[in-house]
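Hi,

Here is the structure I promised to pass on.

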Amino acid sequence: NLHRAPMFTGIVEGVGARYCPSIEDKIVRFSDKPRHQLFLEPEGRNTEEVYVQGLSSSLPEEVQEAVLHSIAGLENAKMMRTGYAIEYDVVKPHQLRPSLETKIVKNLFTAGQMNGTSGYEEAAGQGLMAGINAALTVQGKEPLVLKRSDGYIGVMIDDLVTKGTLEPYRLLTSRAEYRLILRHDNADMRLSEIGHDIGLLSDERYQAFINKQAAVEAEIARLKGIRLKPTAELQAFLAEKNSTQLRDGFLFADLLKRPELDYDSLYPFAPLEEPLSSDVTRQVEIQIKYDGYINKAYSKVEKLKRLEEKRIPENIDYDSINGIANEAKEKMKKIQPETIAQASRISGVNPADISVLMVHVQSGKYSLVK
């Protein structure tokens, strides 16, 4: 029935999502494979509906039903809703500002699939940012642009507006160069202050964050100042954990860095009058254990931050700048980067081009396109 699939008859011409192709697409692209794995995913606690992951399809209804009943165990399954394919028009992402305002139409903000993305979380993240920036614009305030080091939303939007996309974009952790610091456990540490500043986080919740942050910092400082003595009790504990014995006093924080030890098991050797919440102790343990790696990541962020602060004048005439390669000029004219850091991430723009651009912008003598 392949001749009846819209994606192969010419009815649908657009490029499909790379990471969730239809079953007919898989049959064509991977015809050499003898089998294909499916996953039966319950739709919720209070329903008997099950989603068949890996069987998305645009084939006619009776064909989908026949395929479903051909699967062992699903011979009598009832199909609640058919699979389908949709084709949609998109805004070219490089025509968007990092605030998700269109460059061509002022005060028009776009989000979701129309920006070339695929997926619920991707659409939700853009919707949040477009909504925030539309509201800030109405209030006459500067737009909020999350940096790549602030969160995955920042990575996604920067990828779209700087690199564009020729297929439905899906955000992957591998796209983030700072993923060591973009963790779910420290989302409040990264974003609470920003949320409070723009009025999306209540004073009460912000104060709770401030209290947590202070508790984490105080406990880390305490553990870095406590030297544990090699008592018989501690040595026995280390032996039980298959951890190296102490020859002399050892800082609690350094002992906690050992992979076989954790905060809770070491706590009895240096207890507090009142134990801390698990939310705080987990953050303390993570920050101490990965201290060296996290500091390296933050040093890279600081270097980039300086480039993020160097803004490029709007409508700068790249053709008037001597020393920048023609390819780089064409790419920058197309993307219109707002900062030196964004320009440096454009494919085809090399470090030499960025050096020339920085000198030109810092000189204050540049031509603008009229």
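**What turned up**

Let me start with Val356, which counts as partly exposed because its relative accessibility is 25%, and the cut-offs put anything between 20% and 50% in that class. Bear in mind that this is a predicted model.

Val356 sits in helix 15, the stretch covering residues 351–363. Which residues does Val356 touch, leaving aside its neighbours within four places in sequence? They are Ile321, Asn322, Gly323 and Ile324.

Next, the charged part of the surface. Lys296, Lys300, Lys303 and Arg306 make up a positive patch there. Take Lys303 as one of its members: you'll find it in helix 12, which runs over residues 291–308. Is Lys303 buried or exposed? Exposed, because its relative accessibility is 56% and the cut-off for that label is over 50%.

There is a nonpolar patch on the surface too, built from Leu2, Phe8 and Val28. Together these three have about 220 Å² of accessible area. Leu2 belongs to the segment before helix 1, and that helix spans 6–9. With a relative accessible area of 36%, Leu2 is partly exposed, so it gets the label that Val356 has at 25%.

That's what I have for now.

Cheers

How values were computed
Residues numbered from 1 in each chain as written. Predicted model: local features only at pLDDT ≥ 70, side-chain atom pairs only at ≥ 80, totals over all residues. Heavy atoms only, no water. Patch = residues over 30% accessible without salt bridge, like charges linked within 9 Å, V, L, I, M, F, W, Y side chains within 5 Å. Areas by Shrake-Rupley, 256 points an atom, 1.4 Å probe, with all protein chains shown as cover. Salt bridge = Lys/Arg side-chain N within 4 Å of Asp/Glu carboxyl O. Lys, Arg positive; Asp, Glu negative; His and termini not counted. Charge placed at Lys NZ, Arg CZ, Asp CG, Glu CD. Helix = DSSP H or I, 4+ residues; strand = E, 2+ residues; numbered from the N terminus. Buried < 20%, exposed > 50% of the residue type's maximum accessible area, 1.4 Å probe, protein only. Contact = heavy atoms within 4.5 Å.
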